[in-house]
Amino acid sequence: MNPLSNIAVTVNNDPIAIVPNSVSYTEGFGEQNMRAASIGGASVESVYTDDLETFFSMVKFEVYPDIDMVKLIRGWKSSRNQNTVVLTGTSDGKTFRRTFKKAGIVGNYEVALGSDTTVEIEFQSAAAV
Amino acid sequence: MEVIYTLEENQLLYAKDGDEVQAEFITLFAPSSKQLKHTTFLKQSFFRALNSLQGDSKAEESTEQPEMKAGDLMAMLYMSDVDMNVVLLTAIELFKSGVALVDGEQRLTSPILDTMSQNDLELMTGTYLVNFTLASVLAKTKKI
């Protein structure tokens with residue numbers, strides 16, 4: 001078994017050079033609640049509900065802050081939620097692909113400038129497909 | 001001058017306005033001196049193929065046709081001694097250099113090309129060669 005460690009990141013059809021091992025995402029299944037409903041006699045039934053407010057995905061990665069990249073990030077931010085992020089990779093002869101549509105950088109991202117600095121970019125998007 | 005290549009297989013996806021949409025055609029543009037490295041290699045490959053097929057009646061017939069089709073051209077290249085791996089990889093680099101737009105609006109990048117079928121890549125390469133790179137040789141240009 002070989003874990004997925006060599007992921008390619010594409011934003012709006014452009015391949016992005018990222019810091020290795022910096023990619024992570026959430027599937028967008030959201031959070032669920034498990035509560036108890038009393039039915040008498042010290043018995044309970046479980047009540048399982050979806051918290052639809054959390055049915056979004058997050059995808060984040062780090063990049064190096066060169067001039068072209070800083071310009072690209074500004075473009076992603078100003079595009080609001082009109083970005084598409086795609087992660088692809090292969091492992092054990094199988095292909096991995098996740099697409100994050102309607103993605104936007106909702107946070108106030110920080111550009112650290114220096115010889116050994118990186119910029120962490122986090123997109124919020126519709127649930128990954 | 002531009003030429004429209006209509007995709008044969010519906011599997012080319014690209015990002016547009018935050019969604020992923022299926023491409024229907026590729027708009028091809030004439031090369032400039034920026035693409036010299038790629039176009040000269042492709043043109044040279046064609047003439048090498050022609051040379052290696054000299055004496056072959058099929059090759060002679062195909063070069064005499066006034067309306068050479070993309071498929072015929074690619075078949076001729078495949079029948080020759082030309083290394084088709086290098087030809088197609090050069091064509092990929094050429095398309096990525098800015099002479100191809102997906103649905104006439106999105107630059108063809110490597111992630112998009114990765115999802116293109118081999119059949120479409122070959123036919124699009126043939127279309128480009130017939131209409132641009134070899135247009136003067138084949139005495140055929142097409143305006144759309």
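Two strands pair if DSSP finds at least two bridges between them. Helices (H or I, at least four residues) and strands (E, at least two) are DSSP runs, numbered from the N terminus. The model is predicted: local features need pLDDT of at least 70, side-chain atom pairs count only at pLDDT 80 or more, and totals for chains, interfaces and linings use all residues. Residues are numbered from 1 along each chain as its sequence is written, while chains are lettered from A and ligands numbered from 1 in the order in which they are written.

**View 1. The hairpin of S4(A) and S5(A).** Strand S4 (residues 31-40) and strand S5 (residues 43-51) of chain A run antiparallel, joined by 9 bridges. Ser38(A) stands opposite Val44(A) of S5(A). The hairpin has 2 residues between its strands, and Gly41(A) takes a positive phi near 65 degrees. S4(A) is hardly covered: of its 10 residues, the count of buried ones is 0. A residue is buried if 20 or more other C-beta atoms lie within 10 Å of its own, exposed if 12 or fewer, and partly exposed in between, with C-beta atoms placed from the backbone.

**View 2. Chain A as a whole.** Chain A holds 1 helix and 9 strands. From the N terminus, its elements run β-β-β-β-β-β-α-β-β-β. The radius of gyration of chain A is 19 Å, well over the 14 Å that the globule rule gives for 129 residues, so the chain is more spread out than a compact globule. This radius is taken over C-alpha atoms, and the rule is 2.2 Å times the number of residues to the power 0.38. Along its principal axes, the C-alpha trace of chain A spans about 70 × 40 × 25 Å. Buried residues make up 19% of the 129 residues in the chain. Two residues are in contact if their C-beta atoms, placed from the backbone, lie within 7 Å. Among contacts in chain A between residues at least 6 apart in sequence, 61% join residues at least 24 apart.

**View 3. Asn12(A) in its loop.** Asn12(A) sits between strand S1 (8-11) and S2 of chain A. Its phi is positive, about 50 degrees, although Asn12(A) is not a glycine. Most residues other than glycine have a negative phi. Is Asn12(A) buried or exposed? Asn12(A) counts as buried, with 23 C-beta neighbours inside 10 Å.

**View 4. The contact between chain A and chain B.** Chain A gives 14 residues and chain B gives 11 residues. On the side of chain A that touches chain B, strand S2 (14-16), strand S7 (83-91) and strand S8 (94-103) of chain A each supply at least two residues. S8(A) gives the most to this side, with 4 residues. By class, this side of chain A has 3 nonpolar, 8 polar and 3 charged residues. Ala, Val, Leu, Ile, Met, Phe, Trp, Tyr, Cys and Pro count as nonpolar, Asp, Glu, Lys and Arg as charged, and the others, Gly among them, as polar.

**View 5. The open sheet of chain B.** Chain B has 7 helices and 6 strands. Of its 144 residues, 33% count as buried. The sheet has 4 strands in the order S1-S4-S5-S6, with antiparallel pairing. Strand S1 (2-6) and strand S6 (106-107) of chain B stand at the edges, each with a single partner strand, so one side of each is left without a neighbour in the sheet. Strand S5 (residues 100-102) of chain B pairs with S6(B) over 2 bridges, in the antiparallel sense. The bridge partner of Leu101(B) in S6(B) is Arg107(B). Helix H6 (residues 118-133) of chain B lies across S1 and strand S4 (25-29) of chain B, at about 155 degrees to S1(B). Axes are lines fitted to C-alpha atoms, for helices over the stretch in contact, and angles run from 0 to 180 degrees between N-to-C directions.

**View 6. H1(B) packed with H4(B).** Helix H1 (residues 36-52) and helix H4 (residues 84-99) of chain B pack at an angle of about 150 degrees, with their axes 9 Å apart. Residues in this contact include His38(B), Phe41(B) and Leu42(B) of H1(B), and Val87(B), Ala91(B) and Leu94(B) of H4(B). The contact has 5 nonpolar, 5 polar and 1 charged residues.

**View 7. Asp17(B) in its loop.** Asp17(B) lies between strand S2 (13-16) and strand S3 (19-22) of chain B. Its phi is positive, near 50 degrees, in a residue other than glycine. Asp17(B) is partly exposed, with 13 other C-beta atoms within 10 Å.
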